[in-house]
Amino acid sequence: MAEPSAAAARPLPAPAAGARPLPAPAAGARPLPASAAAARPLRADAARNRESVLRAARVAFAESGYGVPLDEIAARAGVGPGTVYRHFPTKEALFEAVVTARVQDLLADARARADAADPGAAFFGFLARIAAESAAKRDLPDAISIAGSLREDLDAALDVLLRRAQRAEAVRADVRTPDIIVLLKGLFASLADVSDQARRDLVFAVLADGLRPPR
């Protein structure tokens, strides 16, 4: 709840990038108090609409990946396409809002494995988690490909796991983190339409065996 006196003197926040400017007040019109403006039903409706869009987008992106049309997300949320664009000016902005938490979970997991007693198990265990989640969440391959600081942090955490595993001679020495990313993208692409879990497990096992040092 806004404070009755301090809120009125507090400057309004700058509009978000891409947001439409508010219309100028009519001549002679008195401005509403900050407390009344905060209680406008439109603001509450906008907040509910935004949450509805995010919920629908989480499901749609997980089911279909980045390729799902925004119109479909709007229909699932029960709003018009214009409402989606008012909150998320681009599809990329909506996708990033949805997958940020997912990538943060992966990043936390990778960092938690960095001190594991068995570096090889930590590295291959992390790859196994990514492979398993890609089966249930079709947006994961696109999520870990988004450019930005979060993706860079994830790459750095994966690099730590890889180097530790190599020092433990659990992974071949000539592999680098960009190579792992390429291999994962290939794995995602080859299994995109495969629902047979046994086949998915076999493909991952072949990938993992190829990363181990030659005997």
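Student: Hi! Which residues have the most contacts inside the largest nonpolar core?

Tutor: In this predicted model, they are Ile 73, Leu 94, Phe 123 and Ile 180, and the core has 52 residues.

Student: And which elements give two or more residues to this core?

Tutor: They are α3 (41-64), α4 (70-77), α6 (91-112), α7 (119-136), α8 (140-143), α9 (149-167), α10 (177-190) and α11 (197-211). The most comes from α6, with eight residues.

Student: Back to Leu 94 for a moment. What does Leu 94 touch?

Tutor: Setting aside residues up to four places away in sequence, Leu 94 touches Val 53, Leu 54, Ala 57, Phe 61, Leu 70, Ile 73, Val 84 and Phe 88.

Student: New topic: α11. Which residues are buried there?

Tutor: Arg 200, Phe 204, Leu 207, Ala 208 and Leu 211 are buried in α11. Looking down the axis of α11, these buried residues fall within an arc of 100°, so they line one face of the helix.

Student: What about the other side of α11?

Tutor: There, Ala 198, Arg 199, Leu 202, Val 206 and Asp 209 are exposed.

Student: How far apart are the end C-alpha atoms of α11?

Tutor: They are 21 Å apart, which agrees with the 21 Å that its 15 residues should span at 1.5 Å a residue.

Student: What is Arg 200 in contact with, then?

Tutor: Leaving out neighbours within four places in sequence, Arg 200 is in contact with Ala 131, Ser 134, Ala 135, Leu 191 and Val 194.

Conventions:
Residues are numbered from 1 along each chain as its sequence is written. This is a predicted model: local features need pLDDT of at least 70, side-chain atom pairs count only at pLDDT 80 or more; totals for chains, interfaces and linings use all residues. Side-chain values use heavy atoms; hydrogens and water are left out. A nonpolar core is a set of buried Ala, Val, Leu, Ile, Met, Phe, Trp, Tyr and Cys residues joined through side-chain atoms within 4.5 Å. Buried means under 20% relative accessible area, exposed over 50%, partly exposed in between (1.4 Å probe, protein chains only). Helices (H or I, at least four residues) and strands (E, at least two) are DSSP runs, numbered from the N terminus. Contact means heavy atoms within 4.5 Å. The expected span of a helix is 1.5 Å times one less than its number of residues. The arc is that of the directions from the helix axis to the C-beta atoms.
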